[in-house]
Amino acid sequence: MVLKVFFPQCCNRAASGLLVGRWLPQHNSAVVLAVIHYPFIPIQVKEYIRQMGKESHVDLSILGSWSLPQDGEEDKDSFQDGLSAIFDMQRWLQVSRRLGHKGFTCRVLGETMPEKEKKKSEEKKEDEAEEKVIFVHYEQRKVMLSQLHPVQNGVPDSRDDSLSELRQVFHTVSSSGPLFFLDKYDDSPLKSTHWQSDGREGSIIVELVKQASVPLCALLRWILAVWTWICAMRIFGLFPLPFLWSKLSSCVQLSYRTQHLKTLTDGSQSQLLRKANVFVSFLVDIGLGLFLASWLYRDQHISMLADKLVPAADHVAKELEELLQWLMGAPAGLKMNRALDEVLGRFFLYHIHMWISYVHLLSPFVESILWYGGLSACLGLTFALSLLSDMVALLTFHIYCFYVYGARLYCLKIYGLSSLWRLFRGKKWNVLRQRVDSCSYDLDQLFIGTLLFTILLFLLPTTALYYLVFTLLRLVIVLFQGVIHLSVDFINSFPLYAMGLRMCRPYRLAEGVRFRVLSEEPGTALHLLMEINPLKSSVVVDTYRTPTYSCYPKDSWSALIKKLFVGELIYPWTYKSTKGHAAKAD
């Protein structure tokens, strides 16, 4: 049998003493965590190990003895032979190292295999058997701070015997934090060597933030409770207010950030990395929003935007009028139906005149609206972008109306032509069974069908041209809103903290490990060095990407083209909670 001993590199030159760690009997392995030095009192060591095991919830024990004679120091091998009897351990490791040698020698005392196997080989082996030992050296600080992936529902429970050996090693080291609090500056009678034995690693800033986070979280919980109570008032549940809130990007973004703050103020210790990603994303969002607000209120930028907004709306309206005049003539030399062309053109021109009147009616209040709207940037860049998306939707509402009118008219003709085409072939659509069935028609029905088919077919080019033009305009607006929504989604969901760890401290996010031979001297055990393989950047993004309310278009390109061809309405990047309502409205 092969015994694997995971040995911390910080203990390679530690003074002689006791090895403290954990046995992994199901994998025939041992994880060394620290070395307690001489002199010590055994009863104090037992009490200390019991207390540390209770605090860390790890089954800690004395694994054996460690011997590294210093210059002028006597060899303690004869004294170490009796330590196994003092601590009453079934298995005992006697690890020793000589100065000037890289390799360790190790003897395993006590029970080396299960009782049944031991009885079968009783005649061949002595009671004190030596196993083949492999030392796996690891950097304790990196393993302590790293998290082995994949991780589901937080850190897995290492008490489950079905977990892999490597995952149990990582969890054992990371859960033994109380054991590493003992350093050389403590007044404790016990002295030990581990990764923090020369002094605890810490930061004054981090400690101050921890102390300030408690009252800050309490204040945020109170504010969120008040905000939730206000939102739950009955007046906000009256129709059509819930429908409007679900359609406004700014309201949806505000509710999303509210959920983020609730996640941050949650007192649970699970998913700390996700909370860190949300917190950093929130800080970056607020910082970019304040930068935008400072730019808007500096050098009269809001007044400049207000002065350009109304002329820009007039210019757009003028261009639309010229486009409609072109469509009412002979666009690209096409022969249109004169009567229908005039009706559609005048109908859309009337809407443009109404829109111009509406814009000029609001022109005295544009600067005030922009001034107060600019304050929304203090809530974050994402909220300002969401408000911009809502403003674009309101300012281009007339184009949306043109698109809906053209699409509905075009869709009506397409479905009418398809229905009449089935009439010519002696078919009809069975609504109950959702299929095409055969049907016999009399002469009057065929005559009326032919007449209607001819009328719709000759009116189709005029309707299709108007539909094509306004669909292109609608697609431009949808593309612009889609870019805004994707930008908001990127800021909301991108794991900035996790990517910062991947770039600055890649060992914190471990995908696995690799081993290389460290030493293989004659007469000593094999020594391997365990190094951490960091996660790939793409895996980090996929693993720690924060779920958001936005969703990408669920339709494929072929489905989108089919919708455009038959005249079905297309919507921009919508929200999952409202997409079903939008589909039902169609």
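Axes are lines fitted to C-alpha atoms, for helices over the stretch in contact, and angles run from 0 to 180 degrees between N-to-C directions. The model is predicted, so local features need pLDDT of at least 70 and side-chain atom pairs pLDDT 80 or more, while totals for chains, interfaces and linings use all residues. Residues are numbered from 1 along each chain as its sequence is written, and side-chain values use heavy atoms, with hydrogens and water left out.

**Exercise 1.** Describe how H15 and H19 pack.

*Solution.* Helices are DSSP runs (H or I, at least four residues), numbered from the N terminus. Step one: the axes of H15 and H19 are 8 Å apart, at an angle of about 90 degrees. Step two: angles under 35 degrees count as roughly parallel, over 145 as roughly antiparallel, 65 to 115 as roughly perpendicular and the rest as oblique. H15 is therefore roughly perpendicular to H19. Step three: contact means heavy atoms within 4.5 Å. Tyr410, Cys411, Ile414 and Tyr415 of H15 meet Leu564, Phe565 and Val566 of H19. Step four: Ala, Val, Leu, Ile, Met, Phe, Trp, Tyr, Cys and Pro count as nonpolar, Asp, Glu, Lys and Arg as charged, and the others, Gly among them, as polar. The contact of H15 with H19 has 7 nonpolar, no polar and no charged residues.

**Exercise 2.** Describe how H12 and H16 pack.

*Solution.* Step one: the angle between H12 and H16 (residues 443-493) is about 25 degrees, and their axes lie 10 Å apart. H12 is therefore roughly parallel to H16. Step two: among the residues in contact are Leu344 and Phe348 of H12 and Tyr466 and Phe470 of H16. By class, this contact of H12 with H16 has 6 nonpolar, 3 polar and 1 charged residues.

**Exercise 3.** Is Thr258 buried or exposed?

*Solution.* Step one: buried means under 20% relative accessible area, exposed over 50%, and partly exposed in between (1.4 Å probe, protein chains only). Step two: Thr258 has a relative accessible area of 10%, so Thr258 is buried. Step three: Thr258 belongs to H9 (residues 249-265). Leaving aside neighbours within four places in sequence, Thr258 is in contact with Leu224 and Trp227.

**Exercise 4.** How many of the 10 residues of H19 are buried?

*Solution.* Step one: H19 spans residues 557-566. Step two: the count of buried residues in H19 is 1, and this helix is hardly covered. Step three: Gly567 follows H19 and has a positive phi, near 90 degrees.

Definitions and conventions
Helix = DSSP H or I, 4+ residues; strand = E, 2+ residues; numbered from the N terminus.
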